[in-house]
Amino acid sequence: MIIQFLRYLFGYINFRAFGGFADRFINLCTKEGIPLWNVKHINGNITASTTIGGYLSIRPVAKKSGMRVLSTDKIGLKYFLKKHK
């Protein structure tokens with residue numbers, strides 16, 4: 001519960017990665033220290049969540065593994081306040 005609150009407070013991004021090698025992508029993210037959670041692998045596509053900083057550093061990892069990464073949702077207090085300004 002506390003972890004979910006902290007993730008909401010600091011913000012996180014849900015993303016989708018497709019093409020390339022999904023297993024290599026996950027292994028490289030682990031090696032680089034990029035936090036991933038809610039990882040789901042469906043027909044070669046990956047959906048997962050990561051921190052904002054993790055999303056910014058995920059591009060070189062995606063390029064090495066041949067994946068393309070697109071954000072689907074931006075969740076957190078920062079985005080909630082921006083939306084309801």
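How many of the seven residues of E1 are buried? Five of them are, so strand E1 is largely enclosed by the rest of the structure. Please keep in mind that this is a predicted model.

**Strand E1 and its partners**

- Strand E1 covers residues 12-18, and it pairs with strand E3 (residues 45-51) through six bridges.
- The two strands E1 and E3 run antiparallel, and Ala17 stands opposite Ile46 of E3.
- Strand E4 (residues 68-75) is joined to E1 as well, by seven bridges, and this pairing is also antiparallel.
- On the E4 side, Leu70 is the bridge partner of Arg16.

**Aromatic contacts**

- Searching the whole structure turns up three aromatic pairs.
- One of them is the edge-to-face pair of Phe15 and Phe25, with 6.3 Å from centre to centre and 75° between the planes.
- This pair connects distant parts of the chain: Phe15 belongs to strand E1 and Phe25 to helix H2 (residues 22-32), 10 residues apart.
- Phe15 and Phe25 are both buried.
- Phe15 also pairs with Tyr55, in a tilted arrangement with 6.3 Å between centres and 45° between the planes.
- Because Phe15 sits in strand E1 and Tyr55 in helix H3 (residues 52-56), the pair ties together parts that are 40 residues apart in sequence.
- Tyr55 is buried, as is Phe15.
- Taken together, the ring pairs link Phe15, Phe25 and Tyr55 into a cluster.

**The nonpolar surface patch**

- Ile2, Phe5, Leu6, Tyr8, Leu9, Phe10, Leu77, Phe80 and Leu81 make a nonpolar surface patch of about 890 Å².
- Helix H1 (2-10) and helix H5 (77-83) are the elements that give two or more residues to this patch.
- Which element gives the most to the nonpolar patch? Helix H1 does, with six residues.
- Phe5, one of the patch residues, lies in helix H1.
- Phe5 has a relative accessible area of 52%, over the 50% cut-off, so Phe5 counts as exposed.

Notes. Residues are numbered from 1 along each chain as its sequence is written. This is a predicted model: local features need pLDDT of at least 70, side-chain atom pairs count only at pLDDT 80 or more; totals for chains, interfaces and linings use all residues. Side-chain values use heavy atoms; hydrogens and water are left out. Patches are made of residues with over 30% relative accessible area and no salt bridge: like charges are joined within 9 Å, nonpolar side chains (Val, Leu, Ile, Met, Phe, Trp, Tyr) within 5 Å. Accessible areas come from the Shrake-Rupley method with a 1.4 Å probe; for residues, only the protein chains shown count as cover. A salt bridge is a side-chain nitrogen of Lys or Arg within 4 Å of a carboxyl oxygen of Asp or Glu. Helices (H or I, at least four residues) and strands (E, at least two) are DSSP runs, numbered from the N terminus. Buried means under 20% relative accessible area, exposed over 50%, partly exposed in between (1.4 Å probe, protein chains only). Rings of Phe, Tyr and Trp (its six-membered ring) pair if their centres lie within 6.5 Å; planes under 30 degrees apart count as stacked, over 60 as edge-to-face and the rest as tilted. Two strands pair if DSSP finds at least two bridges between them.
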